[in-house]
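My notes are below, in the order I took them.

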Amino acid sequence: MNKTIKRIVSAIMALCIIFAAAVFGSPQMVHDAHAANQAVFTPPVSTMRIGLAFGTNAVASANLQNADGMGSGFYFGFFHDREFVPIGAYTNATAISMMMDRNMTWHPDSREYREGTEGSVVVGVFHIQLDMPFDTYAEARAEANLRTRQNARSFVKYYRGRFFVCVGQYTTRDAAESAQAAMNLTETSHITAGSQHTITVVETGTNNILFEFDYGATRHLGVMPRSQRGVNPETWFRGNRYHGGFQYARLTGGAITVVNFVNIEDYVKGVVPYEMPNNWPIEALKAQAVTARTFAMGRLDRYRAQGFDICRTEHCQVYRGRGEANARTDTAVRETAGVYVTINGRLVGTYYASSNGGASENSENVWVSAYSHLRGVIDPFEAEIAYRIPNYHWEVSFTSEQITRRLRDRGFNVGQIVHMEVSEYSPTGNAIAVTMRDENGRNWTFRRRNELMTALGVRTQRFDIGERRWVSNFAGVGGIHVNSPGNRLPSRAYAVGSDGVSRPVTGGYMYAITGTNAVERLITAPQTGGGGTIVGGGNGMIDGVFTIRGTGNGHNVGMSQWGAYAMASLHGKTYVEIIQFYFTGVTVG
């Protein structure tokens, strides 16, 4: 390489460094800005309430089991102000089931209790309840043990703050009354079948009743695993291991709503490995931990009527406990413990999705409300690893008849659709409106994510229709041209560094050495409006079908998880830099 070319290469590398510092900030610049703008945020609670089974997924019975070496039975009580209040009741059994107080039968194939009396293990709903109340569980337990030796297996019931002893279990009232008479208990007891709020606890797989709880609608059964040798217990529930305690409530008098009460940091440890692969770069995992923590804390009392804050599914964010957690994900949570995303000391909504296809979007262009921190940004990072992202490039196609039928099935009185186009792009190049025209000349316009999903079933708002496409003015995202728009380079550009390694160029002003050794600046397509230009045309069809081609998988708001991966693995970005790239004007601390 001659001296002239060496000087040119050095100049180009210097320009790239200057550009990167100007756009993304040096690590020290980011740290200083973070320190200067950080406002104090104090979480109002330390315990989250997570809905594990509720609504149409509420259960007739729910099993709990101590994880090996992680517990030694359970305490019973209730939760008040998110704190477990023990009532002195406990069991040494390591596998228990909570169920509705009805005639229930054990089904070993599915390992659950269901209503009915047909089976080898049946739990009867009728009991002989002694009228004498006890102030403590220990006193009632002693009486129950005595009754078991004298009459029939007995157990303790906690009813509205007092303890009672129940003798036997029967599937009919007649059978219970006959036993009551035979035991000479008619004058000192009564037959009970509980109430619509009663929860019965049995040793799993048996009809051995351990405890009953009924405090009406004001308090619900709380179960806390007993710690073994001071470890933080883990408990099996529906195939997943969880920290914390559990609440069981028959809110409507029928099936049971199950809620996990868990420390916020333990909760985040149960989210990160299910929202992001546990072998990803540590800074990406930290970004996931902070966004998940902030998202959850911002959802306090969101499901107040059902007694919890946030659900366990992707409708909120996926939470499945300890199963996929490892040292990396736990480290990411531990090293960001107590860190939240805020503006002026107030939590912000930290939305995230798998990938945004090349650009995130303003919240009002996806949903309805505008938020200052949810501004769309051109994202050059995903493109560097697009080959790794599952189904990153996608295509949806409809014949005229198919799209017409789809719209009619969804309540739109359309004629035959003959034309379809993206009628409005955002400044970052996402489709925010699609207009269709039917054979009668009527236009039908669909806007924002929900309407576009209804009409087209698209994965993101990053798409074009037919030959019509949006070309970005951001180098590396849309077309790159040398000297004139007619001289297009491939969509990917690379630079060779002084170490001889070829790396993709992701943005900024770039230069090329021509065949005459002249240095020419790379320029982008001419700008038409917000950040790009629309090229192509037609009616939205390719080879006779409406063809929609897009990239990404998600709602286009906030952080791209694959973008975070690329920022951390290819560019050495910290979790603070990742978050502040995707969320505008926020403080991380």
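**Entry 1: before starting.** I reminded myself that I'm working with a predicted model.

Entry 2: I looked up the strand order and got β25-β26-β27, an open sheet of 3 strands with antiparallel pairing. Which strands stand at the edges? They are β25 (417-425) and β27 (443-447); each has a single partner strand, so one side of each has no neighbour in the sheet. From one strand to the next, I get an average twist of 20°.

Next I checked how β26 and β27 are joined. Strand β26 covers residues 431-438, runs antiparallel to β27, and is linked to that strand by 5 bridges. As a reminder to myself, strands of a sheet pair through backbone hydrogen bonds, parallel or antiparallel.

**Entry 3: what lies across that sheet.** I found helix α10, residues 400-409, lying across β25, β26 and β27. Its direction makes an angle of about 70° with β25. Helix α11, residues 448-456, also lies across β25, β26 and β27. For α11 I noted the angle to β27, which is about 125°.

**Entry 4: another open sheet.** Here the order reads β22-β21-β39, again 3 strands with antiparallel pairing. The edges are β22 (346-347) and β39 (587-588), and since each has a single partner strand, one side of each is left without a neighbour in the sheet. I counted up the link between β21 (residues 341-343) and β39: 2 bridges, with the strands running antiparallel. One pair I wrote down is T342 with its bridge partner T587 in β39.

**Entry 5: cysteines.** How many disulfides does the structure hold? I get 1. The disulfide joins C311 to C316, with an S to S distance of 2.3 Å. I looked at the geometry too: the angle about the S-S bond is 115°, and the link of C311 and C316 is right-handed.

Are the two ends buried or exposed? C311 has 1% relative accessibility, so I put C311 down as buried. C316 comes out at 15%, and because the cut-off for buried is under 20%, C316 counts as buried as well.

I also looked up C166, which has a relative accessible area of 0% and is therefore buried.

Notes. Residues numbered from 1 in each chain as written. Predicted model: local features only at pLDDT ≥ 70, side-chain atom pairs only at ≥ 80, totals over all residues. Heavy atoms only, no water. Pairing = 2+ DSSP bridges. Helix = DSSP H or I, 4+ residues; strand = E, 2+ residues; numbered from the N terminus. Axes fitted to C-alpha atoms, helices over the stretch in contact; angles between N-to-C directions. Contact = heavy atoms within 4.5 Å. Disulfide = S-S within 2.5 Å. Buried < 20%, exposed > 50% of the residue type's maximum accessible area, 1.4 Å probe, protein only.
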